[in-house]
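My notes follow in the order I took them.

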Amino acid sequence: MDALTTVVLIFSYVFSLLRISTAVDTITVNQHIRDGETITSAGGTFELGFFSPGDSKNRYLGIWYKKVAPRTVVWVANRESPLTDSSGVLKVTQQGILVVINGTNGILWNSNSSRSSLDPNAQLLESGNLVVRNGNDSEPENFLWQSFDYPCHTLLPGMKFGRNRVTGLDRYLSSWKSADDPSKGNFTYGIDLSGFPQLFLRNGLSVKFRAGPWNGVRYSGIPQLTNNSVYTFDYVSNEKEIYFIYSLVNSSVIMRLELTPDGYSRRFTWTDQKNEWIIYSNSQRDDCDNYAICGVYGICKIDESPKCECMKGFRPKFQSNWDMADWSNGCIQSTPLDCQKGDGFVKYSGVKLPDTRNTSFNESMNLKECASLCLRNCSCTAYANSDIRGGGSGCLLWFGELIDIRDFTRNGQEFYVRMAASELASSSIKSSSKKKKEQVIVISISITGIVLLSVVLTLYVLKKRKKQLKRKGYMDHNSRDENNEGQAHLELPLFDLDTLLNATNNFSSYNKLGEGGFGPVYKGILQEGQEIAVKMMSKTSRQGLKEFKNEVESIAKLQHRNLVKLLGCCIHGRERMLIYEYMPNKSLDFFIFGLTL
């Protein structure tokens, strides 16, 4: 009896060794994974088995990094149906379905495959993908089921992050409730197909962060997504599927993207030197990434205070709320649109495109065709290229209110906002706080409107010429008066007011360099390209024309290395202005604000 027992024990031991040695990364219909047993991917990167997260005593079937400590789980099977003891078993059925059962053979989770099977088995791939296949068929399209189609909170290299348009399969991330509870938390991150597809991170049904639409290069709201030496990425959109995917350049790098329990999308890399995960990048970087923080027609500029402002041509809907930093109600148009009389468009550059749920798109049109299409439709509020590659292509049209716009210092995008024609004449747009923006106005009108415009332009030119002649006579008259009084004639060049208006974008606040007790100083660029600083004297000064000219003469005669060169002046009505040479590498505060006239 002792000899027989020994033989049985030896046979059982050899059989278990044989089972483990022939199925390091695979289980078949006749093999099971019990609590305490694991299988490991061929390269040793991932491991599958039962575990308890954090301080929890519940047991779950999951996949984790084998060589990373503490354990980092990337996928959980029975996240909504935990085991309360160690009786769990993973099996592969004859139908090619994975099942997790408890001690009473109750099914807690199954893979629910609808494909027919032949000699099915489950294999843990080196990518971290758990697949069910027929025999040795390794073609991904033939898999009966795969865990990569049902991600939890982690996006691994090689995972498709998006939707199958044919089957409706939605591959999105859902956060854990906590470090101790892998069941679905409040946050989800995935592609929304309403209008032009874009990425949404939601808290329940509410949008927390919008990564924006794909523009051919990156997501509009993630400017930091650029080509790099660590990973490559791609975006696929066709009639069958739409998804984002990334791959590692060096297979020795360990990287994952996780949707955290507190609702942040973060990309991590593992460092062996410090034996810890470090944050490689964050999708949400600052307050301007909070969805719709500035309300409709508001634009968020993180480097400004306050950070929210209305787009040009718009004003706060409730000024009192706006003054208390409550921007949620957004802005309304200062001048109502009048499609029949002719609207136009203002170009914004360096921004995150507005929410694209209320949009339509045509990927075969160019920007000119897009502008014409938007203009003919009075409900169209904005337009842009849907693809920025190669100078831009495709047409994206917005209908209704524009929301969730922010300013970027790099990799921003351009779009065109509809505005009343009367508002366009006085609008000067600069939509990035750190780089120069130019105003582009596209106005389309009927034949009748063109005739009216020609008349208006003719009257404008005549009026301008009359004003210039009048101004010249005014200056000559004053010069003659001073000569008669024995005063020195003003020998500095006189600048025309229109010249300075053009040079400073109508004395835009964006061109303002500073302000002292005498008045503000603006940076400008003359038509020939010379940079200038325009010092506008305060209207409260009681200094007369004669005194002003005498003082200008005195400054002009001073020659000192610590004084900026005075190029000329402008006298228009009560306006008195001095035009200096702009010195970008020196302190204008020292040079100009020290000269208080």
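**Cores.** I started with the largest nonpolar core, which has 62 residues. I took a nonpolar core as a set of buried Ala, Val, Leu, Ile, Met, Phe, Trp, Tyr and Cys residues joined through side-chain atoms within 4.5 Å. Buried means under 20% relative accessible area, with exposed over 50% and partly exposed in between (1.4 Å probe, protein chains only). Trp75, Leu98, Leu130, Tyr189, Tyr219 and Phe244 have the most contacts inside this core. Strand β5, residues 60-65, gives the most to this core, with five residues. Strands here are DSSP E runs of at least two residues, helices are H or I runs of at least four, and both are numbered from the N terminus. Apart from this core lies another of 33 residues, including Phe200, Tyr291, Val346 and Leu424. In soluble globular proteins, nonpolar side chains tend to be buried together.

**Ground rules.** The model is predicted; local features need pLDDT of at least 70 and side-chain atom pairs pLDDT 80 or more, while totals for chains, interfaces and linings use all residues. Numbering runs from 1 along each chain as its sequence is written, and side-chain values use heavy atoms, without hydrogens and water.

**Tyr189.** I listed its contacts (heavy atoms within 4.5 Å). Leaving aside neighbours within four places in sequence, Tyr189 touches Phe161, Tyr172, Leu173 and Leu199, among others. Phe200, Leu259 and Ser283 are also among the contacts of Tyr189.

**Asn129.** I found Asn129 in the loop between β10 (120-124) and β11 (130-134). Is Asn129 buried or exposed? Asn129 counts as buried because its relative accessibility is 4%. I then checked polar contacts: N or O atom pairs within 3.5 Å, where within protein one must be able to donate a hydrogen and the other to accept it, and residues adjacent in sequence count only if both atoms are side-chain atoms. The Asn129 side chain makes one with the side chain of Gln146 at 2.7 Å. It makes another with the side chain of Ser147 at 3.1 Å.

**Sheet.** I traced an open, antiparallel sheet of four strands, ordered β15-β16-β17-β18. Strands pair if DSSP finds at least two bridges between them. β15 (173-178) and β18 (206-213) each have a single partner strand, so one side of each lacks a neighbour in the sheet. Strand β17 (198-203) pairs with β18 over six bridges. I noted that Arg202 has Val207 in β18 as its bridge partner.

**Whole protein.** I counted eight helices and 39 strands. Buried residues make up 47% of the 597 residues.
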